[in-house]
Amino acid sequence: MEKFSVVIVFAVIIGGLSVINLFVSPPQILYSERRLPERMPALNAENLLSGEFMAGFEPAAADAFPFRDGFRAIRAVTVFGAFLQTDKDGVYFDTHGIGSFAQTNPESVALAAEKIAAVAAELDGLNIFYAFIPDKSVFAERTRPGFDAELTENILRERLDPQGLQFISLCGAVDASTFFRTDLHWAQSGLSLVAQELAAAMDIELPPVLNAQWTEAGNFYGVYVGQLALPVRSELMLYFDNPDVRAYYLIAGELQPGPVYDLEMFRGIDPYDIFLRGIQPLVVIENDNAATDRHLYIFRDSFASPLAPLLASAYSRTTLVDFRFIDMRTVRQFAEFAPGSDALFLYSSGILNNAEMLMVNP
(Lines give C-alpha, C1' and ligand atoms only; values in the text may rest on other atoms or scores of the structure.)
Protein backbone atom coordinates (compact mmCIF):
# COMPACT_ATOMS: atom_id res chain seq x y z
CA MET A 1 0.00 0.00 0.00
CA GLU A 2 2.84 2.36 0.88
CA LYS A 3 4.56 1.73 -2.46
CA PHE A 4 1.26 2.24 -4.24
CA SER A 5 0.83 5.59 -2.51
CA VAL A 6 4.26 6.70 -3.65
CA VAL A 7 3.39 5.78 -7.22
CA ILE A 8 0.10 7.72 -6.99
CA VAL A 9 1.84 10.83 -5.60
CA PHE A 10 4.51 10.63 -8.27
CA ALA A 11 1.90 10.24 -11.02
CA VAL A 12 -0.11 13.19 -9.68
CA ILE A 13 2.97 15.43 -9.60
CA ILE A 14 4.11 14.51 -13.10
CA GLY A 15 0.60 14.61 -14.48
CA GLY A 16 -0.15 17.93 -12.80
CA LEU A 17 2.99 19.55 -14.17
CA SER A 18 2.18 18.19 -17.63
CA VAL A 19 -1.31 19.70 -17.47
CA ILE A 20 0.10 23.04 -16.30
CA ASN A 21 2.55 22.94 -19.20
CA LEU A 22 -0.40 22.78 -21.62
CA PHE A 23 -1.73 26.12 -20.40
CA VAL A 24 1.56 27.97 -19.79
CA SER A 25 3.27 29.48 -22.82
CA PRO A 26 6.97 28.65 -23.10
CA PRO A 27 9.25 31.61 -22.32
CA GLN A 28 10.48 33.78 -25.18
CA ILE A 29 13.81 34.32 -23.43
CA LEU A 30 15.44 32.47 -20.53
CA TYR A 31 16.61 35.60 -18.74
CA SER A 32 18.33 33.73 -15.91
CA GLU A 33 20.50 31.88 -18.44
CA ARG A 34 20.75 34.70 -21.00
CA ARG A 35 19.75 32.63 -23.97
CA LEU A 36 16.82 31.77 -26.17
CA PRO A 37 15.01 28.55 -25.25
CA GLU A 38 15.18 25.55 -27.52
CA ARG A 39 12.16 25.36 -29.78
CA MET A 40 10.06 22.25 -30.32
CA PRO A 41 10.93 20.60 -33.65
CA ALA A 42 8.27 20.00 -36.26
CA LEU A 43 6.40 16.74 -35.80
CA ASN A 44 6.24 14.82 -39.07
CA ALA A 45 6.98 11.33 -40.30
CA GLU A 46 10.43 12.20 -41.60
CA ASN A 47 11.61 13.80 -38.33
CA LEU A 48 10.05 11.03 -36.27
CA LEU A 49 11.67 8.19 -38.22
CA SER A 50 15.09 9.86 -38.39
CA GLY A 51 15.14 10.50 -34.66
CA GLU A 52 15.45 14.27 -35.20
CA PHE A 53 12.18 14.96 -33.41
CA MET A 54 13.15 13.16 -30.20
CA ALA A 55 16.63 14.69 -30.27
CA GLY A 56 15.07 18.16 -30.29
CA PHE A 57 12.11 17.35 -28.06
CA GLU A 58 14.10 16.72 -24.88
CA PRO A 59 15.95 20.08 -24.66
CA ALA A 60 12.86 21.98 -25.82
CA ALA A 61 10.67 20.31 -23.20
CA ALA A 62 13.25 21.00 -20.49
CA ASP A 63 13.41 24.70 -21.40
CA ALA A 64 9.60 25.00 -21.34
CA PHE A 65 9.05 23.00 -18.14
CA PRO A 66 6.96 24.79 -15.45
CA PHE A 67 8.88 26.18 -12.44
CA ARG A 68 12.15 25.48 -14.28
CA ASP A 69 14.24 27.92 -12.25
CA GLY A 70 12.89 26.53 -8.98
CA PHE A 71 13.84 22.98 -9.89
CA ARG A 72 17.27 24.16 -11.03
CA ALA A 73 17.78 25.82 -7.63
CA ILE A 74 16.78 22.61 -5.81
CA ARG A 75 19.32 20.69 -7.87
CA ALA A 76 22.05 23.24 -7.10
CA VAL A 77 21.35 23.06 -3.35
CA THR A 78 21.53 19.28 -3.55
CA VAL A 79 24.80 19.29 -5.50
CA PHE A 80 26.61 21.75 -3.24
CA GLY A 81 24.85 21.14 0.07
CA ALA A 82 23.91 17.47 0.20
CA PHE A 83 26.58 15.93 -2.02
CA LEU A 84 29.29 18.51 -1.16
CA GLN A 85 30.50 18.65 -4.75
CA THR A 86 32.97 21.39 -5.69
CA ASP A 87 31.16 22.31 -8.90
CA LYS A 88 27.91 21.81 -10.79
CA ASP A 89 28.45 20.94 -14.45
CA GLY A 90 31.80 22.72 -14.27
CA VAL A 91 30.45 25.83 -12.48
CA TYR A 92 32.02 26.44 -9.04
CA PHE A 93 31.22 28.84 -6.21
CA ASP A 94 33.77 30.09 -3.64
CA THR A 95 34.66 33.25 -1.70
CA HIS A 96 35.92 34.92 -4.90
CA GLY A 97 32.60 34.40 -6.63
CA ILE A 98 31.39 32.10 -9.39
CA GLY A 99 33.39 30.63 -12.26
CA SER A 100 33.72 27.59 -14.48
CA PHE A 101 36.46 25.09 -15.21
CA ALA A 102 37.64 24.53 -18.78
CA GLN A 103 40.82 22.66 -19.61
CA THR A 104 43.34 24.09 -22.04
CA ASN A 105 43.00 22.63 -25.53
CA PRO A 106 46.62 22.48 -26.82
CA GLU A 107 45.61 21.76 -30.42
CA SER A 108 43.27 24.74 -30.48
CA VAL A 109 45.83 27.05 -28.87
CA ALA A 110 48.33 26.00 -31.54
CA LEU A 111 45.74 26.74 -34.23
CA ALA A 112 45.07 30.15 -32.67
CA ALA A 113 48.80 30.88 -32.82
CA GLU A 114 48.90 29.96 -36.50
CA LYS A 115 45.98 32.27 -37.21
CA ILE A 116 47.59 35.11 -35.27
CA ALA A 117 50.82 34.59 -37.23
CA ALA A 118 48.89 34.67 -40.53
CA VAL A 119 47.32 38.03 -39.71
CA ALA A 120 50.58 39.44 -38.34
CA ALA A 121 52.31 38.58 -41.63
CA GLU A 122 50.03 41.11 -43.35
CA LEU A 123 50.84 43.94 -40.92
CA ASP A 124 54.00 45.35 -42.49
CA GLY A 125 55.79 48.01 -40.47
CA LEU A 126 53.67 47.67 -37.33
CA ASN A 127 54.85 47.01 -33.79
CA ILE A 128 53.08 43.71 -33.07
CA PHE A 129 52.34 42.44 -29.57
CA TYR A 130 50.27 39.56 -28.23
CA ALA A 131 48.92 38.48 -24.86
CA PHE A 132 46.37 36.09 -23.46
CA ILE A 133 43.95 36.59 -20.58
CA PRO A 134 44.44 34.12 -17.69
CA ASP A 135 41.18 32.27 -17.14
CA LYS A 136 39.25 33.20 -13.99
CA SER A 137 39.34 29.56 -12.85
CA VAL A 138 43.10 29.86 -12.29
CA PHE A 139 42.23 31.64 -9.04
CA ALA A 140 39.53 29.20 -7.88
CA GLU A 141 39.95 28.02 -4.29
CA ARG A 142 38.79 24.48 -5.07
CA THR A 143 40.78 23.50 -8.09
CA ARG A 144 40.42 20.71 -10.56
CA PRO A 145 42.13 20.25 -13.97
CA GLY A 146 41.37 23.46 -15.85
CA PHE A 147 43.05 26.26 -17.74
CA ASP A 148 46.84 25.91 -17.77
CA ALA A 149 48.40 29.36 -18.18
CA GLU A 150 51.97 28.04 -18.38
CA LEU A 151 51.12 25.53 -21.11
CA THR A 152 49.20 28.18 -23.04
CA GLU A 153 52.12 30.61 -22.88
CA ASN A 154 54.61 27.96 -24.01
CA ILE A 155 52.50 27.00 -27.04
CA LEU A 156 51.98 30.61 -28.11
CA ARG A 157 55.58 31.69 -27.61
CA GLU A 158 57.01 28.67 -29.39
CA ARG A 159 55.11 29.64 -32.53
CA LEU A 160 54.91 33.44 -32.36
CA ASP A 161 58.19 34.66 -30.85
CA PRO A 162 60.23 33.41 -33.85
CA GLN A 163 57.92 35.45 -36.09
CA GLY A 164 58.99 38.64 -34.32
CA LEU A 165 55.84 39.14 -32.26
CA GLN A 166 56.43 40.49 -28.74
CA PHE A 167 54.77 38.66 -25.86
CA ILE A 168 53.21 40.59 -22.96
CA SER A 169 52.47 38.55 -19.84
CA LEU A 170 49.35 39.61 -17.95
CA CYS A 171 49.56 36.89 -15.30
CA GLY A 172 51.12 39.24 -12.76
CA ALA A 173 48.54 41.97 -13.41
CA VAL A 174 45.48 39.74 -12.97
CA ASP A 175 44.03 38.11 -9.87
CA ALA A 176 40.59 37.06 -8.68
CA SER A 177 39.59 40.66 -7.91
CA THR A 178 40.14 41.65 -11.55
CA PHE A 179 37.01 39.76 -12.57
CA PHE A 180 33.36 40.31 -11.84
CA ARG A 181 32.29 37.99 -9.03
CA THR A 182 29.33 36.67 -11.01
CA ASP A 183 30.64 36.72 -14.57
CA LEU A 184 33.44 35.23 -16.67
CA HIS A 185 34.61 38.69 -17.79
CA TRP A 186 36.88 41.09 -16.02
CA ALA A 187 35.57 44.37 -14.58
CA GLN A 188 36.75 47.62 -16.12
CA SER A 189 37.37 49.04 -12.64
CA GLY A 190 39.84 46.19 -12.04
CA LEU A 191 41.93 46.77 -15.17
CA SER A 192 44.31 49.52 -14.05
CA LEU A 193 47.27 47.14 -13.67
CA VAL A 194 46.44 45.37 -16.93
CA ALA A 195 46.29 48.67 -18.82
CA GLN A 196 49.55 49.83 -17.25
CA GLU A 197 51.28 46.53 -18.12
CA LEU A 198 50.21 46.78 -21.74
CA ALA A 199 51.05 50.48 -21.97
CA ALA A 200 54.54 49.95 -20.58
CA ALA A 201 55.25 47.11 -23.02
CA MET A 202 53.97 49.15 -25.97
CA ASP A 203 55.87 52.26 -24.78
CA ILE A 204 52.78 54.42 -24.38
CA GLU A 205 51.89 56.64 -21.42
CA LEU A 206 48.41 56.47 -19.94
CA PRO A 207 46.98 59.72 -18.54
CA PRO A 208 46.54 59.95 -14.75
CA VAL A 209 42.76 60.53 -15.09
CA LEU A 210 42.26 56.77 -15.16
CA ASN A 211 42.27 56.89 -11.37
CA ALA A 212 39.49 59.46 -11.10
CA GLN A 213 36.64 59.40 -13.63
CA TRP A 214 34.51 56.40 -12.66
CA THR A 215 30.74 56.35 -13.10
CA GLU A 216 28.22 53.91 -11.64
CA ALA A 217 26.19 51.98 -14.21
CA GLY A 218 24.15 50.09 -11.61
CA ASN A 219 23.85 46.68 -10.01
CA PHE A 220 25.06 43.81 -12.14
CA TYR A 221 24.31 40.08 -12.22
CA GLY A 222 26.75 38.13 -14.41
CA VAL A 223 26.12 35.17 -16.66
CA TYR A 224 27.15 32.67 -13.98
CA VAL A 225 24.20 33.60 -11.75
CA GLY A 226 21.82 31.78 -14.07
CA GLN A 227 24.18 28.85 -14.51
CA LEU A 228 24.67 28.44 -10.77
CA ALA A 229 20.90 28.68 -10.14
CA LEU A 230 21.36 29.89 -6.54
CA PRO A 231 20.51 33.32 -5.11
CA VAL A 232 23.61 35.53 -4.94
CA ARG A 233 24.07 39.23 -4.29
CA SER A 234 24.58 41.67 -7.13
CA GLU A 235 27.73 43.69 -7.67
CA LEU A 236 28.25 47.29 -8.73
CA MET A 237 29.41 47.92 -12.28
CA LEU A 238 31.60 50.98 -12.82
CA TYR A 239 32.83 52.44 -16.09
CA PHE A 240 35.50 54.98 -17.07
CA ASP A 241 33.69 57.98 -18.51
CA ASN A 242 36.19 59.80 -20.73
CA PRO A 243 34.56 62.67 -22.70
CA ASP A 244 37.58 62.85 -25.02
CA VAL A 245 36.81 59.59 -26.84
CA ARG A 246 34.05 58.76 -29.29
CA ALA A 247 33.18 55.48 -30.94
CA TYR A 248 32.13 54.36 -34.42
CA TYR A 249 30.58 50.99 -35.26
CA LEU A 250 30.52 49.06 -38.53
CA ILE A 251 26.81 48.90 -39.38
CA ALA A 252 25.35 48.15 -42.81
CA GLY A 253 28.72 48.53 -44.50
CA GLU A 254 29.70 51.89 -43.00
CA LEU A 255 31.10 53.32 -39.77
CA GLN A 256 28.35 54.98 -37.77
CA PRO A 257 28.75 56.94 -34.50
CA GLY A 258 27.51 55.47 -31.23
CA PRO A 259 28.15 55.66 -27.48
CA VAL A 260 31.26 54.14 -25.95
CA TYR A 261 29.02 52.98 -23.09
CA ASP A 262 25.48 52.11 -24.11
CA LEU A 263 23.24 52.31 -21.04
CA GLU A 264 20.35 50.80 -22.99
CA MET A 265 22.48 47.68 -23.42
CA PHE A 266 23.08 47.63 -19.68
CA ARG A 267 19.35 47.30 -19.18
CA GLY A 268 19.14 44.49 -21.75
CA ILE A 269 19.57 40.73 -21.54
CA ASP A 270 23.37 40.97 -21.01
CA PRO A 271 24.41 44.11 -19.08
CA TYR A 272 28.07 43.48 -20.00
CA ASP A 273 27.14 44.75 -23.47
CA ILE A 274 27.32 48.27 -22.03
CA PHE A 275 30.97 48.20 -23.11
CA LEU A 276 31.21 49.08 -26.82
CA ARG A 277 27.76 47.63 -27.51
CA GLY A 278 28.72 44.00 -26.97
CA ILE A 279 29.27 41.85 -30.07
CA GLN A 280 30.65 44.06 -32.84
CA PRO A 281 32.82 43.03 -35.81
CA LEU A 282 34.69 46.33 -35.99
CA VAL A 283 34.81 49.37 -33.71
CA VAL A 284 36.86 52.55 -34.07
CA ILE A 285 37.55 54.80 -31.07
CA GLU A 286 38.93 58.29 -31.76
CA ASN A 287 40.58 60.65 -29.30
CA ASP A 288 41.44 64.15 -30.53
CA ASN A 289 43.13 65.02 -27.22
CA ALA A 290 45.58 62.11 -27.14
CA ALA A 291 49.16 63.00 -26.31
CA THR A 292 50.35 61.11 -29.41
CA ASP A 293 49.08 60.55 -32.96
CA ARG A 294 49.84 56.83 -32.80
CA HIS A 295 47.20 54.26 -33.74
CA LEU A 296 46.40 50.98 -31.99
CA TYR A 297 44.80 47.91 -33.56
CA ILE A 298 43.35 45.30 -31.17
CA PHE A 299 42.43 41.88 -32.51
CA ARG A 300 40.17 40.67 -29.80
CA ASP A 301 37.16 39.02 -28.21
CA SER A 302 34.64 40.45 -25.72
CA PHE A 303 37.25 40.91 -22.98
CA ALA A 304 38.76 43.85 -24.87
CA SER A 305 35.52 45.86 -24.78
CA PRO A 306 36.08 47.36 -21.29
CA LEU A 307 39.86 47.52 -21.77
CA ALA A 308 39.96 49.40 -25.08
CA PRO A 309 38.50 52.70 -23.74
CA LEU A 310 41.31 52.79 -21.17
CA LEU A 311 44.02 52.30 -23.78
CA ALA A 312 42.24 54.67 -26.16
CA SER A 313 42.92 57.51 -23.75
CA ALA A 314 46.56 57.36 -24.97
CA TYR A 315 46.01 56.78 -28.72
CA SER A 316 44.52 59.07 -31.33
CA ARG A 317 42.73 56.11 -32.91
CA THR A 318 42.02 52.62 -31.62
CA THR A 319 40.53 50.01 -33.94
CA LEU A 320 39.05 46.80 -32.56
CA VAL A 321 38.62 43.77 -34.83
CA ASP A 322 36.71 40.62 -33.90
CA PHE A 323 37.58 37.89 -36.40
CA ARG A 324 34.62 35.81 -35.26
CA PHE A 325 32.39 38.13 -37.28
CA ILE A 326 34.60 39.71 -39.96
CA ASP A 327 37.47 38.70 -42.23
CA MET A 328 40.71 40.51 -43.01
CA ARG A 329 39.64 41.49 -46.51
CA THR A 330 36.68 43.43 -45.10
CA VAL A 331 38.80 44.92 -42.31
CA ARG A 332 41.17 46.44 -44.87
CA GLN A 333 38.30 48.49 -46.27
CA PHE A 334 38.14 50.42 -42.98
CA ALA A 335 41.71 50.23 -41.62
CA GLU A 336 44.90 51.39 -43.32
CA PHE A 337 47.44 49.88 -40.88
CA ALA A 338 49.83 52.82 -41.07
CA PRO A 339 53.51 51.89 -40.47
CA GLY A 340 54.69 52.66 -36.95
CA SER A 341 51.30 51.83 -35.43
CA ASP A 342 50.82 49.28 -32.66
CA ALA A 343 48.92 46.00 -33.02
CA LEU A 344 47.80 43.85 -30.09
CA PHE A 345 46.39 40.33 -30.31
CA LEU A 346 44.48 39.76 -27.08
CA TYR A 347 42.39 36.64 -26.53
CA SER A 348 40.77 34.83 -23.61
CA SER A 349 40.63 31.09 -22.98
CA GLY A 350 37.22 30.94 -24.67
CA ILE A 351 38.79 31.83 -28.03
CA LEU A 352 42.09 30.01 -27.54
CA ASN A 353 40.17 26.81 -26.80
CA ASN A 354 37.90 27.31 -29.82
CA ALA A 355 40.19 28.85 -32.42
CA GLU A 356 38.11 27.54 -35.30
CA MET A 357 35.71 30.43 -34.62
CA LEU A 358 38.26 32.93 -35.98
CA MET A 359 37.66 33.75 -39.67
CA VAL A 360 41.36 33.52 -40.53
CA ASN A 361 43.10 31.04 -42.82
CA PRO A 362 46.41 30.01 -41.21
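This is a predicted model: local features need pLDDT of at least 70, side-chain atom pairs count only at pLDDT 80 or more; totals for chains, interfaces and linings use all residues.
A salt bridge is a side-chain nitrogen of Lys or Arg within 4 Å of a carboxyl oxygen of Asp or Glu. The briefing below begins with the chain as a whole and then turns to salt bridges, a pair of helices and several individual residues.

**The chain as a whole**

- The protein chain contains 12 helices and 13 strands.
- Of its 362 residues, 47% count as buried.
- The chain exposes about 18,100 Å², and carbon and sulfur atoms supply 56% of that area.
- Among contacts between residues at least 6 apart in sequence, 72% join residues that are at least 24 apart.

**Salt bridges**

- Side chains of opposite charge can pair when their charged atoms come close.
- In the whole structure, a search finds 11 salt bridges.
- Which parts of the chain does the pair of arginine 294 and aspartate 342 tie together? Arginine 294 lies in the loop between E10 and strand E11 (295-300), whereas aspartate 342 lies in strand E13 (residues 342-347), so the pair ties together parts that are 48 residues apart in sequence.
- Aspartate 342 has a relative accessible area of 0% and is therefore buried, since buried means under 20%.
- Glutamate 286 and arginine 317 also meet through their side chains in a salt bridge, with an N to O distance of 2.5 Å.
- This second pair links distant parts of the chain, for glutamate 286 is in strand E10 (residues 282-287) and arginine 317 is in strand E12 (residues 317-321), 31 residues apart.
- Glutamate 286 counts as buried at 15% relative accessibility, while arginine 317 is partly exposed with a relative accessible area of 26%.
- Salt bridges that share partners join Arg246, Glu286, Asp288 and Arg317 into one network.
- A further salt bridge joins the side chains of arginine 157 and glutamate 153, at 3.5 Å from N to O.
- Arginine 157 and glutamate 153 both belong to helix H6, where they are four residues apart, about one turn of the helix.
- Arginine 157 is partly exposed, its relative accessible area being 34%.

**The pairing of helices H5 and H6**

- Two packed helices are described by the angle between their axes and the distance between the axes.
- For helix H5 (residues 106-120) and helix H6 (residues 149-160), the axes come within 9 Å and cross at roughly 35 degrees.
- The crossing in which H5 passes H6 is right-handed.
- On the H5 side, the contact is made by Pro106, Val109, Ala110, Ala113, Ile116 and Ala117; on the H6 side, it is made by Leu151, Thr152, Ile155, Leu156, Arg159 and Leu160.
- How many of the residues in the contact of H5 with H6 are nonpolar, polar and charged? They divide into 10 nonpolar, one polar and one charged.

**Residues with a positive phi**

- Leucine 276 has a positive phi of about 50 degrees, although it is not a glycine.
- Arginine 277 likewise has a positive phi, near 60 degrees, and is a residue other than glycine.
- Leucine 276 is placed in the loop between helix H9 (263-266) and E10, and arginine 277 is found in the loop between H9 and E10.
- Is leucine 276 buried or exposed? At 0% relative accessibility, leucine 276 counts as buried.
- Arginine 277, at 21% relative accessibility, counts as partly exposed, because the buried class requires a value under 20%.

**Exposed residues and their surroundings**

- Glutamate 216 is found in strand E6 (residues 214-220) and is exposed, with a relative accessible area of 58%.
- Not counting residues up to four places away in sequence, glutamate 216 touches Leu236, Met237, Leu238 and Tyr239.
- Glutamate 216 and phenylalanine 240 are 24 residues apart in sequence, and their C-alpha atoms are 9.1 Å apart in space.
- Asparagine 361 is located in the segment after helix H12 (349-352) and is exposed, with a relative accessible area of 73%.
- Asparagine 361 and glutamate 114 are 247 residues apart in sequence, yet 8.6 Å apart in space from C-alpha to C-alpha.

Key
Residues are numbered from 1 along each chain as its sequence is written. Side-chain values use heavy atoms; hydrogens and water are left out. Axes are lines fitted to C-alpha atoms, for helices over the stretch in contact, and angles run from 0 to 180 degrees between N-to-C directions. Helices (H or I, at least four residues) and strands (E, at least two) are DSSP runs, numbered from the N terminus. A crossing is left-handed if the near helix is turned anticlockwise from the far one by less than a right angle, and right-handed if clockwise. Contact means heavy atoms within 4.5 Å. Ala, Val, Leu, Ile, Met, Phe, Trp, Tyr, Cys and Pro count as nonpolar, Asp, Glu, Lys and Arg as charged, and the others, Gly among them, as polar. Buried means under 20% relative accessible area, exposed over 50%, partly exposed in between (1.4 Å probe, protein chains only). Accessible areas come from the Shrake-Rupley method with a 1.4 Å probe; for residues, only the protein chains shown count as cover.
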